[in-house]
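Here's a quick tour of the aromatic side chains. Have a look at the rings first, then read on.

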Amino acid sequence: MALIASFITQGLQMLLVLALAPLLVGFTRKVKARLLRRRGPSIIQPYRDLLRLIRKEAVIAENASWLFRVSPYLIFAATWVAAALVPTFATNLQFSWTADLIVITALLGSARFMLALAGMDVGTSFGGIGSSREIMFASIAEPAMLLVVFTLALVAGSTQLSAIADFMVSHASLRVSLGLALAALIIVALAENSRIPVDNPATHLELTMVHEAMVLEYSGRHLAVIEFAAALKLLLYVSLIACLFAPWGIALTGNAVSAYVVGALSYVGKLAVGGLLLALFETSIAKMRVFRVPDFIGIALMLGLLGVLLLFVSGSF
Amino acid sequence: MTSLAIALASIAGLFATSILAVALSKLPSRNRVVYSAAALACIALLAVGLLRLGAANGEADAVMTLPIGLPWLGIHLRMDALSAFFLAVINLGGFGASIYGIGYGEHEESPGRVLPFFPAFLAGMNLVLLADDAFSFLVSWEFMSLASWAMVMAHHQEAETRRAGYVYLLMAGFGSLALLLTFGLLAGPTGHYAFITMRAGEHDTISAGLILILALIGAGSKAGLVPLHAWLPLAHPAAPSHVSALMSGVMTKVAVYGFIRIVFDLLGTPPWWASLLVLIVGSVTAVLGVLQALMERDLKRLLAYSTIENIGVIFIGLGLALAFQENAMPAAAALALTAALFHALNHSLFKSLLFFGSGAVLTATHERDLDRLGGLIHRMPVTAFLFLAGSMAISALPPLNGFVSEWLTFQAVLLSPNIPQWSLKVLVPAVGGVLALAAALAAACFVRAYGIVFLGRPRSAAAAKAVEVDRYSLAAMVMPALLCLLAGLFPGPIIDAIGPTVRSIIGAQMPVQSALPWYTIIPIAESRSSYNGLLVFLFITISTLIAVEVLHRFASRAVRRAPAWDCGYPDPSPLTQYSAASASQPIRRVFAGSLLHARETVEMPPPGSSEPARFRLALKDVIWETIYAPIPRVIAASALRLDRFQFLTIRQYLSLVFAALVILLLGLAIWP
């Protein structure tokens, strides 16, 4: 019985992230529009976009290979699995021991690897631009992310997300190293999700583009799957920050059913706050030149290293 | 006893195959005969290694003394768990290369320059692993170097190859000299050649430090540690591809074995700064190796540089193991050493695969230059798929095997705050960051390499006309690709198989993983950090299938082929694609400016002129310029100085002799 229940909660989480991801994107767009005194599209517009895209025929470049057609699904699957492994409304789900935070980071790395290859598949200059810049950003953002993971693991004694979240709920305390890790994680999240100031998700055909350049040749259902994966990734990072640094309300193992309801409600609330803050941040800052971005992500790297160093020197920071 | 006898018989068989290769020079099917025989011998040796690893922990080491070699001394041979592990790794790679050779060797222009040396090379590597005294170790080591040198020189008509062979010979000689001195110090003034007496010897801090440094130079120069790596990107690519795979994937592991044997086994207690030195050297090697791989235009040299990176990762693991060992943290040391050995196995698998792939590209197009390749995924679909598997494995992406060893190394880094030394406390977090940086750059490197060679549009006529390679080559590539996947999905049994080896060195081993459900691995029970490659793989597969199924049911299934969109301005020339230099441009600007002295200059034509603008890229190998290039200059200058001694009068010569005598006597008088 308990096994079935835990399978059901794991399944629920997988469906929940799928259902909420486009909503988070729509909400963020709406808030951004309101902040700019525009009315903005409806909050459920991303769902409509996805539906519209999957109804269209897919136009594929003449010399595209099988890799081009397979990648969107693999990217989506890797991102979905990663998102489903981050605790959202409850910790210690059935499969949470499958992968720790390092694996989740690496799964996103796998998705990026496929996306960068897909960008180079057709052999256009825009694809090459996007891929070469993406791998440059990633080569700084990934170590930064891993240093954040180290910080958290040294504080909580595990790289397992559920274990870290449990620790944060029970031993919550203000620490310098955690503050550094939070700042670094936010920078990494902005970079990984191609948000301002690293990349602009709202524009096309801008010479500084990265993510949009890689997916330029995609259309129809393939594009829908990639866009969905991007939305999932945004949701993943917001849930990650929420479960690590604001774990309040999350249901722990053995809690009653009501705790799960509270967990789900607080999770939706946290997502809303995350989207709101993201929109606020994005409207108050300008996009950076591409070669200033390494400095920006480099800050995350330095903060992460500083956090780990502090913890190595003394466990109480 | 019997297993060692079988191993020796197989090695003797390899030597016999070498002779056979010369004797049968007229036989048309000589190629097939020689490589098949080598493959059989490798299978036998692999089985011996695996059986020893699978045997119970308490099994005594097989020992044997042969009455050949130096008079009254003989050759001591011994197979313990460490040799057995490396026997397995090396002969797995050797088997793959032999199978590959059956197909690839047919294209060899002068097979007589490769065939006799190939089995001899394998035999030399196996003998190094079994040697139990310094004499046979060094002789086998030299034999291995010379046999591989002969194959590097197979295409001696090219000036570049001759230079590579020259540099390789010099560096191999230098490394052997360092090893000779290492063994001299280990044996001590009254010492004996045999390892068993060396193991019992005591060393003061100075000689222990010297032994460590000399072992690092001797083994490190063969493995490709920076700054002793200079020969590796020259020599490895110059050889035929299956030999490159052996040199890069396998021979570097023999070097790692040599280092472990000397420092962990024979030396006893290394000096306190040993871990510090190894960690620093490993980190520098990892980052510089991968950065140079990212800048490289030649596919095989790119792979050779990436070998340097992976050797750095292995030495980081070894350095962590040393650090834990000296602080009496056996569980952590066992984890770090397991990670290093696992990575050694992984690297031998995917590097063999990638070199086989580059050989296939070379056979199909006769090109190694990235800027003359492209679009091969259409012409060589199987090779392209297998090369992709190798690229993903080496980029440490889950669920393949490269990720597992990286993950284990990260877990070892996370155990190091308990180390009391301040120097290590400050260094280890940085090493963790460096490791992550190297992994991310490796992924970038292989996105670039794969994207340019296999994706896009062909950049030359040869690439446009390429055809898939023969089925022996493909079979040789399928095997390591499958093993990469299996080692990624089922890391537990492999960790358990490494267990006895680690126990024989550290005295502890990682907890048994096979008992855990679903092949999960949990390196340290208290931390609850776990990874399950099998489930990650299953989840990804299931999610992909769900996505495909849902879309095929509800989405439009129409597909139309059309010209590429490219923002409305597609250009038919393949030159408009990103090239090898442009794909690495962002990373070059960020990382290589200071580390590799990357300089870009754009020469604009004067206004009104219709000449094209020119872009020039200059990269400098800082290590070569600062360490290697001055050596011939210094030698020439000092030779000029010493030249004066050739034209002295007899009185001056006599006074020189007298002065030398006085100095020597003074030295003798002062000597305690």
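Rings of Phe, Tyr and Trp (its six-membered ring) pair if their centres lie within 6.5 Å; planes under 30 degrees apart are stacked, over 60 edge-to-face, and the rest tilted. This is a predicted model, where local features need pLDDT of at least 70, side-chain atom pairs count only at pLDDT 80 or more, and totals for chains, interfaces and linings use all residues. Residues are numbered from 1 along each chain as its sequence is written, chains are lettered from A and ligands numbered from 1 in the order written, and side-chain values use heavy atoms, leaving out hydrogens and water.

**Ring pairs**
- Over all chains, the search turns up 26 aromatic pairs.
- One of them, B:Phe387 with B:Tyr450, is stacked, at 6.2 Å centre to centre and 25 degrees between the planes.
- That pair bridges distant parts of chain B: B:Phe387 is in helix H15 (residues 381-394) and B:Tyr450 in helix H17 (residues 422-453), 63 residues apart. Helices here are DSSP runs (H or I, at least four residues), numbered from the N terminus.
- B:Trp407 and B:Tyr531 make a tilted pair, with 5.8 Å between centres and 45 degrees between planes.
- B:Trp407 lies in helix H16 (residues 401-413) of chain B and B:Tyr531 in the loop between helix H20 (491-506) and helix H21 (533-554), so this pair ties together parts 124 residues apart in sequence.

**Cluster**
- B:Phe137, B:Trp141, B:Phe183 and B:Phe195 are joined into a cluster by ring pairs.

**Burial**
- Buried means under 20% relative accessible area, with a 1.4 Å probe and protein chains only (exposed is over 50%, partly exposed in between).
- B:Phe387 counts as buried because its relative accessibility is 1%, and B:Tyr450 is buried at 0%.
- B:Trp407 and B:Tyr531 are both buried.

Conventions: Helices (H or I, at least four residues) and strands (E, at least two) are DSSP runs, numbered from the N terminus.
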